[in-house]
Amino acid sequence: MILPVAFGGLYLLVVGATRRTAGFAGWAFGVGFFLFGLSWIAESFFVDAERFGWMAVPAVAGLAVGLALFPAAAMAAFAATGVKGVPGALIFAVCWSVSEWLRGTVLTGFPWNLIAYAWADYDIPRQAAAWVGSYGLGLLTVLLSVLPATLLMRDRRQNVLVVFLFMALVAGAGTLGTLRLMGITSPTDTTVRIVQGNIPQTEKWDPAFRARNITRYLDLSAQAGGFDVLLWPESAFPGYLDEDPEMLDQIAEHLPEGSALLTGAQTREPGGTGIRYRNSILAVDQTGRIVTRYAKHHLVPFGEYVPLRGFLPLQRLTAGLGDFTPGPGPQTVELPGLPPVGLSICYEAIFPGRVVDAASRPDWIFNATNDAWFGASLGPRQHLASARMRAVEGGLPMVRAANTGISAVIDGYGRIIARLGLDETGVLDARLPAALPATPFGKYGQMMFLLVLAACIAGANGLTIAKENVP
């Protein structure tokens, strides 16, 4: 109910308004939207409250004010077209969704909490993302939210069209979603074990807790039950695991024959101008040998590096000796006896169409993450919603190992098969869901979104021309 009221109200405010008025309305709407939706970011500043606590309020407020420029530009662009009624609703949805795409792209992008994620908990409607991705589903969602507002314009002929278009979109999405969910799938023979250590961020890197933290991961990994792949979250090991042969030997003792560990870990290597630090996932086999590694390529601004470091006198919020260096991009890893896996770390799971290697489709996606920075706020729940949509878009199972939760096994329909909640300590054993056939969005990416944009623009133009020709 909130979306139709919010977007319907915004549409009525900006339709027929000047570009300046519409732009200001869009900006004010965006400030409210982002202040509420991103308020959880403040939690991260209080992990080291003595140094960064004072920045919490200005940082969240500044981020909301800056991100609100995207809906401001969208509403100004919509007002410039001067269209109303059903054509106006179509162009309004186009302008909003283009602004979301730009937000997810400009300056490395920040596509957090997209409108499409309103459907993350609803099986049937979220399946549309398999065809048009999250930006396309967001466009359709905004359109459905705005169409009822056009009924207030008291145009009987238009009202018939509004009702028809609304019902057609709902029926079409419902039919496609229902048919997709009728696909018969069975789990694979691969068993994953997720370890959720539940270590508070304030204790994660504290030397006083180092031995305890390591023991907790090893003890949880050693619980009864068989598995084929052991999964630890982002930066599970408090140090450089690839430089610690004793720790690798201890890990090997906990791995059954033919299994492997995938774990988040920091790594470092010599570079042209000094040491390069990376946020990585390492694959360790049952002999304690590191068989492959993946470096995070989409880094978090101010968390893993400082943009424009030469001009901004700011520090990273996370502990470390220097900025992280990004990796080359999405990567599919093949480990003996295991289905090929696409690797991603934390923040990378929020980017539609940019999680797996397009040239080498994996059978599943592993996302190692650490949401301990954000406590029990909305942040971890929103992050889980992003992961579910990535699973639908690609038709691939997504397995999350999160330090403090929410860890989950998600199938290619976005359904949660098994989970460990926030602030739980334990292990989660589950059969890995099977990969679904490649989706249209998985094959063609944002081209599917562009087709929806083109269809809406063509429809708006056609309706406008038809109305002008009606005597």
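Trainee: Let's start with a single side chain: is Phe-33 buried, partly exposed or exposed?
Mentor: Phe-33 counts as partly exposed, because its relative accessibility is 23% and the buried class stops under 20%. Keep in mind throughout that this is a predicted model.

Trainee: And how many aromatic pairs does a search of the whole structure find?
Mentor: The search turns up 18 aromatic pairs. Phe-33 belongs to one of them: with Trp-96 it makes an edge-to-face pair, 6.3 Å from centre to centre and with 85° between the planes. That pair bridges distant parts of the chain, since Phe-33 sits in helix H2 (residues 19-37) and Trp-96 in helix H7 (residues 85-103), 63 residues apart. Trp-96, at 2% relative accessibility, counts as buried.

Trainee: What about Phe-110 and Trp-112: why is that pair stacked?
Mentor: Look at the angle. The planes of Phe-110 and Trp-112 are at 10°, with the ring centres 6.3 Å apart, so the pair is stacked; the cut-off for stacking is under 30 degrees. Phe-110 is buried at 17% relative accessible area, and Trp-112 is buried too, at 6%.

Trainee: Which residues do ring pairs link into a cluster?
Mentor: Follow the ring pairs and you get a cluster of Phe-7, Tyr-11, Phe-29, Phe-33, Phe-34, Phe-78, Phe-92 and Trp-96.

Trainee: Now another arginine. Is Arg-390 buried or exposed?
Mentor: Arg-390 is buried, at a relative accessible area of 3%. Arg-390 lies in helix H14 (residues 378-394). Setting aside residues up to four places away in sequence, Arg-390 touches Tyr-117, Ser-134, Ala-349, Ile-350, Phe-351, Pro-352, Val-355 and Met-398.

Trainee: Let me try that on Thr-263. Which strand does Thr-263 lie in, and which residues is it in contact with?
Mentor: Thr-263 lies in strand S3 (residues 260-271). It counts as buried, with 0% relative accessibility. Beyond its neighbours within four places in sequence, Thr-263 is in contact with Trp-232, Pro-233, Ala-236, Leu-241, Ser-280, Ile-281 and Leu-282. For a distance in sequence and in space, take Gly-37: from Thr-263 it is 226 residues away along the chain and 30 Å away, C-alpha to C-alpha.

Trainee: On to cysteines. How many disulfides does the count come to?
Mentor: A disulfide is a covalent bond between two cysteine sulfur atoms. Here the count is 0 disulfides.

Trainee: What is the phi of Thr-108, and that of Asp-423?
Mentor: Thr-108 isn't a glycine, yet its phi is positive, at about 75°. Thr-108 lies in the loop between H7 and helix H8 (123-126) and is partly exposed, at 35% relative accessibility. Asp-423 has a positive phi of about 60°; its loop runs between strand S11 (416-420) and strand S12 (426-431). Asp-423 is partly exposed at 49%.

Trainee: Let's zoom out: how many helices and strands does the chain have?
Mentor: It has 16 helices and 12 strands. The radius of gyration is 24 Å, close to the 23 Å the globule rule gives for 471 residues, so the chain is as compact as a globular protein of that length. The C-alpha trace spans about 85 × 55 × 40 Å along its principal axes, and 52% of the 471 residues are buried.

Conventions: Residues are numbered from 1 along each chain as its sequence is written. This is a predicted model: local features need pLDDT of at least 70, side-chain atom pairs count only at pLDDT 80 or more; totals for chains, interfaces and linings use all residues. Side-chain values use heavy atoms; hydrogens and water are left out. Rings of Phe, Tyr and Trp (its six-membered ring) pair if their centres lie within 6.5 Å; planes under 30 degrees apart count as stacked, over 60 as edge-to-face and the rest as tilted. Helices (H or I, at least four residues) and strands (E, at least two) are DSSP runs, numbered from the N terminus. Buried means under 20% relative accessible area, exposed over 50%, partly exposed in between (1.4 Å probe, protein chains only). Contact means heavy atoms within 4.5 Å. A disulfide is a pair of cysteine sulfur atoms within 2.5 Å. The radius of gyration is taken over C-alpha atoms; the globule rule is 2.2 Å times the number of residues to the power 0.38.
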